[in-house]
Amino acid sequence: RVLKVYHASSKESARTAGVMSPESQVEEALGSCLLPSLQLIPANPAVDMEIWGVLSLLPYEVRYRLYGEWEKDTEQNPIVLAARQTAKLDTRRLLKRLAKENLKQLGRMVAKLAHANPMTVLRTIVQQVEAYRDMINPVVDAFKYLTQLEYDILQYIVIERLAQGGREKVKDDGLNLSDWLQCLASFWGHLCKKHLSMELKCLFQYIVNQLKKGLGTELVVLEELIQQMANVQYTENMTDEQVDAMAGSETLRLQSSLFGSTRNYKVLNKSTNKLRDSLLPKDEPKLAIPLLLLIAQHRSKIIINADATYIKMVSEQFDRCHGILLQYAEFLSSAVAPSTYVQLIPPLEDLVYKYHIEPDVAFLIYRPVMRLFKSANGGEACWPLDDNEEGESVSYDEMILHGDSSQKSIMWSDLLNTIRTILPAKAWNGLSPELYATFWGLTLYDLNFPKDRYDAEIKKLHENLKQLEDNSDNSSIAISRRKKDKERIQDLLDKLNNESDKHQQHVISVLQRLTREKDKWLSSSPDALKINMEFLQRCIYPRCVLSMQDAVYCATFVQMMHSLGTPFFNTVNHIDVFICKTLQPMICCCTEYEAGRLGRFLHETLKMAYHWKSDESVYERECGNKPGFAVYFRFPNSQRVSYPQFVKVHWKWSGRITKVLNQCMESKEYMEIRNALIVLTKITSIFPVMRKSGINIEKRVAKLKGDEREDLKVLATGVAAALAARKSSWVSEEEFGMGHLDLKPVPAKPIAGK
């Protein structure tokens, strides 16, 4: 208490006299007297709180230095060493007995030990947690009895364990993170979710410092924090229903995900706000955006500075970093208000040229900003909504992004000028900045209204309400719980119904704007023959491998361009170039997760093409009068591709995909084989259709089932099972061609001796 008064008075006198504040005396008193003596007095949380009252006045850098000196300086004192050893043995004895059943009693005993000897007790517990994952939940629950001083010391210990040398953070296989690091990250995520008094800025500063050195292994701690505190989780393994729901509103996405259906909204809002405020404090350096930019830069450095023995290891590191980037970007865009986000994010030009971030990632970061451009004429609707009720053509120059007092306003034309510098000059022979900006600025939410998913979730909630009403338990506790559950479900129902109507109107409005703008997208491109290759190279490929949602978005965008009748965009040629010229190189140069996303894009593209081929009336209605099926690219109104011609080209695509996959599976390169199998897992529900293709692929997959590499064997077994399940639906080439194919009869092999 004397130190607190002294600190306040010395600070006041230093401010009036204009000299430096004499905090060194306070630090010396804490380091040489108060902290060491804590280990020699009986457990007393009140003393802990008084010491924290002084320590909390100091910045965390000074506090952590004091903790380090405290631990080292007392090693020569035999009395203190004896107290430490006793505390360590008592802690281990308690941890052996700690379980869910005796949590309250033993948790208090653990806290009592920690009050007297926090450094030793907490270090021992952290070491045990690193070794035994099962201890995480009971230890986190037991820590509710700790004081703020002990939480601060605990964070110091965790950062020290992360920074400690002599331990490998990656296993010997070079692919997976070490068990101790995964356990420590999981423990920290669960702890910070449960106890919101933890100070997180020092941990974020440590991660930022590591990224500056080019080390990104500790990003797993950030991943766990976001997953536990904000319930934002990125996963590759989604069902078709979950992928469809990703096009919907936030409530639909959360209800459809496994980790969203059981979320506690009240607790989650508190922990999300705590995480956001730690990254964006009001009066201290804000680490949110530096952290985002450093993760984006580290993603590129992984490939440039790769020193791994095998390309598989580089692929694993890249996928891990990319997943965390997507997760963190989604958290920021959802947790931070759009007006605040605009003020924090650097201009697109700086993202690309100053921070050297690749265009696809730069647009991922900048996309929420693009959606705040408004009409300069005073309209309230933000891009990409349609704010022109008269149906007149909207000029891009008329849109503006208003900044705050410290930022100047940005015109849409300025953004297009920046975009024009991002790609080489020759790229604009087959593209326009308007199409490029539209493609990278829109999301799946803008183009697709998943009515079936909204209806399915609403139906599920109605069933949950009916189950609650049928419950016959009439005890007071059960009635109270039922009432709360009914209110929660009814709230979700109201949200989903409102968001469904709003989403439907949103898609209609966006398509109205795009209908008016489509004529400008490619009409100024001088080389019509290069349009599809440039569009695939600059737009489709970079985005379709970003995430599963983006893979579906790319296929939906192509379908939208086709259905709107975009002049000079040839749909048949787009699919032909994708399958016949670029599919094999793409499979060869993808990481494991990128191959899955590419497979998803191929799945959506084939599903669209099979739908058109399914019936001649469908083809005539959806394709027969569209510019996308013009025979001559330069003349959108020229003769159209006939239905028999489309069936023939479809047959060619099927043969080409079979050939590409077989060549990749016969390759000697491990990544080629693995990627081909991953692509197959994504498309087996619709491909192959012809029996001949299916048998050819089955033969190659059967060989790989006997491969000595275990992961390839597991993948091949899964693909073989999926192929076998659809074998009965395969058709002959004659049935596939429906009489439109000129199939040459296979000559009979001569029999020996005749």
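User: Leaving aside its neighbours within four places in sequence, which residues is Tyr-328 in contact with?

Analyst: Contact means heavy atoms within 4.5 Å. By that rule, Tyr-328 meets Leu-222, Ile-226, Leu-279, Leu-287, Ala-288, Leu-291, Leu-292 and Ile-295. Two ground rules before we go on. The model is predicted, so local features need pLDDT of at least 70 and side-chain atom pairs count only at pLDDT 80 or more, while totals for chains, interfaces and linings use all residues. Residues are numbered from 1 along each chain as its sequence is written, and side-chain values use heavy atoms, with hydrogens and water left out.

User: How many helices and strands does the protein have?

Analyst: Both are DSSP runs numbered from the N terminus: helices are H or I with at least four residues, strands are E with at least two. Here there are 35 helices and 3 strands. For contacts between residues at least 6 apart in sequence, 74% join residues at least 24 apart.

User: What share of the 754 residues is buried?

Analyst: Buried means under 20% relative accessible area, exposed means over 50%, and partly exposed lies in between (1.4 Å probe, protein chains only). Buried residues come to 52% of the 754.

User: How do I read a nonpolar core, and which residues of the largest one touch the most other members?

Analyst: In soluble globular proteins, nonpolar side chains tend to be buried together. A nonpolar core is a set of buried Ala, Val, Leu, Ile, Met, Phe, Trp, Tyr and Cys residues joined through side-chain atoms within 4.5 Å. The largest here has 216 residues, and Phe-187, Trp-188, Tyr-328, Phe-535 and Leu-661 touch the most other members. This core draws at least three residues from each of domain 1 (1-164) and domain 3 (522-737). Those bounds come from an automatic or database domain assignment. A second, separate core has 13 residues, including Tyr-454, Leu-465, Ile-489 and Leu-492.

User: Now pockets. What is the volume of the second largest pocket?

Analyst: Work on a 1 Å grid over the protein atoms alone. A cavity is a set of points where a 1.4 Å probe fits but cannot get out; a pocket is an open set with protein on both sides within 12 Å along at least five of seven lines; lining residues have an atom within 4 Å of a point. Points are joined across faces, edges and corners, and volume is the space filled by probe spheres set on them. The second largest pocket is about 850 Å³. It has 32 lining residues, with Glu-223, Tyr-234, Glu-236, Glu-316 and Tyr-593 closest to its centre. Elements giving two or more lining residues include helix 12 (219-230), helix 17 (311-335) and helix 32 (670-683). Helix 17 has the largest share, 6 residues.

User: How does that lining divide by residue type?

Analyst: Ala, Val, Leu, Ile, Met, Phe, Trp, Tyr, Cys and Pro count as nonpolar, Asp, Glu, Lys and Arg as charged, and the others, Gly among them, as polar. The pocket lining has 10 nonpolar, 11 polar and 11 charged residues.

User: How many cavities of 30 Å³ or more does the search find?

Analyst: It finds 2. Helix 17 gives the most, with 3 residues. By type, the lining divides into 1 nonpolar, 1 polar and 4 charged.

User: Is Val-361 buried or exposed?

Analyst: Val-361 is buried, because its relative accessible area is 1%. This residue lies in helix 20 (residues 359-370). Beyond four places in sequence, Val-361 touches Ala-296, Arg-299 and Leu-325.

User: And His-506, buried or exposed?

Analyst: Buried, at 13% relative accessible area. His-506 sits in helix 25 (residues 476-522). Not counting residues up to four places away, His-506 touches Arg-371, Leu-385, Tyr-445 and Asp-446.

User: What is phi at Asn-231 and at His-356?

Analyst: Asn-231 is not a glycine, yet its phi is positive, about 60°. His-356, also not a glycine, has a positive phi of about 55°. Asn-231 is buried at 13% relative accessible area, whereas His-356 is exposed at 60%.
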